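Here is a friendly walk through how this chain packs together. Take a moment with the view below, and then we can start with a pair of helices.

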Amino acid sequence: MSKKVLVLGEVREGSLRNVSFEAIAAAKQIADGGEVVGVLIGDGIASVASELVAYGADRVVTVEHPHLKAYTSDGFGQAFMAIAEQENPEAIVFGHTALGKDLSPKIASKLQSGLISDVTEIEGAGDTALFIRPIYSGKAFEKVKVKDGIVFVTIRPNNIAPLVKDESRTGSVAAISVDITNLRTIIKEVVRKSTAGVDLSEAKVVVAGGRGVKSEEGFAPLKELANVLGGAVGASRGACDADYCDYSLQIGQTGKVVTPDLYIAAGISGAIQHLAGMSNSKVIVAINKDPEANIFKVADYGIVGDLFEVIPLLIEEFKALKVNA
Ligand code: FAD
């Protein structure tokens, strides 16, 4: 049976995050010919509604309010619930992002639905869809089927391909007014540690450094390589604990989970807790002085050597390839 699916579009600094387009592709599959309704919550966000349509949403519903300029679970919860009550969806898709991870359990409990989080693949469509998600820190995968009630899933960024953007697609955009009340917090200002660079959880290329990088300055060549490849810099907890970089870069069981097309691990031993955050990357390149390092067990390409000698060579080669391309 076809379904009506609500998809939460995430806007950051005026632009939709890629995971929103991936969520629409997932929603199309779940809808199985039914309707996909994009949801935008914020302040001054209606301008991006047409992009959700171009990526496959049949129509878009927006809630705008000055108190929704920055995310709070109270404010976004009230706005999303107002839309859910109006639309009565059979399925809901969020990105498995910091926002999605925070908001989805709250909405699921209010709707008395289940929640399938961190989905990396969907097999089948509509009522027979099977949702595949990693378990035991990525060591195994389970397939989950929803027997009844609302199908509510969060999808891991960079795993489900978005549909091809088609600017000629049309779909209505309707604003609904929600009285946002009794907020326990109102965010006045967001000060980001770093505004530059590619978002780590959505990056197609990640260059990650570990304790082998040895210092904050040691991250400079990794940043340059990431820059040349249009990617983001990440780190092991070892590097973060040693104060070589900020914890916002930490990848792993207690950090971010990434699935880029290319993951370059430099000076990282490959502890199980680190692998939990990156082992599903499409291609893994490991650079380590120790040929016995565990990271080589998950690497597609291994370079046994000193990262301070190898990375400058890679930078040189990639720069030359880009010039000749
Ligand atoms: P090390 O294990 O010290 O490895 C450094 C590597 O660098 C070595 O393999 C060495 O051969 C290599 N090296 C040294 N110099 C060079 C050089 N010049 N060139 C090339 N290679 C060099 N860790 C995470 O990463 N993410 C997590 O989310 C996480 N969560 C955890 C949760 C719990 C509950 C616990 C207990 C641990 C967690 N850890 C996590 C920590 C994890 O167990 C490891 O301690 C950590 O990943 C090690 O970091 P590392 O590989 O950078 O350091």
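On the α3 side, the residues S73, D74, F76, G77, F80, M81 and A84 meet L99, D102, L103, K106, I107, K110 and L111 of α4. Sorted by class, this contact between α3 and α4 holds eight nonpolar, two polar and four charged residues. Please keep in mind that this is a predicted model.

How are the two helices arranged? Helix α3 (residues 73–87) and helix α4 (residues 98–111) pack at an angle of about 50°, and their axes lie 10 Å apart. Because angles between 35 and 65 degrees fall in the oblique class, α3 counts as oblique to α4. The crossing of α3 past α4 is right-handed.

Now to the nonpolar cores. The largest one has 33 residues, and the members that touch the most others are I30, V93, F131, V153 and I155.

A second, separate core has 25 residues, including L8, V37, L68 and F76.

Setting aside its neighbours within four places in sequence, F131 is in contact with I30, I116, V119, E121, I122, E142, K143, V144, V146, V151 and V153. As background, nonpolar side chains in soluble globular proteins tend to be buried together.

Definitions and conventions:
Residues numbered from 1 in each chain as written. Predicted model: local features only at pLDDT ≥ 70, side-chain atom pairs only at ≥ 80, totals over all residues. Heavy atoms only, no water. Core = buried A, V, L, I, M, F, W, Y, C linked by side-chain atoms within 4.5 Å. Buried < 20%, exposed > 50% of the residue type's maximum accessible area, 1.4 Å probe, protein only. Contact = heavy atoms within 4.5 Å. Axes fitted to C-alpha atoms, helices over the stretch in contact; angles between N-to-C directions. Helix = DSSP H or I, 4+ residues; strand = E, 2+ residues; numbered from the N terminus. Parallel < 35°, antiparallel > 145°, perpendicular 65-115°, else oblique. Left-handed = near helix turned anticlockwise from the far one by under 90°. Nonpolar A, V, L, I, M, F, W, Y, C, P; charged D, E, K, R; others polar.
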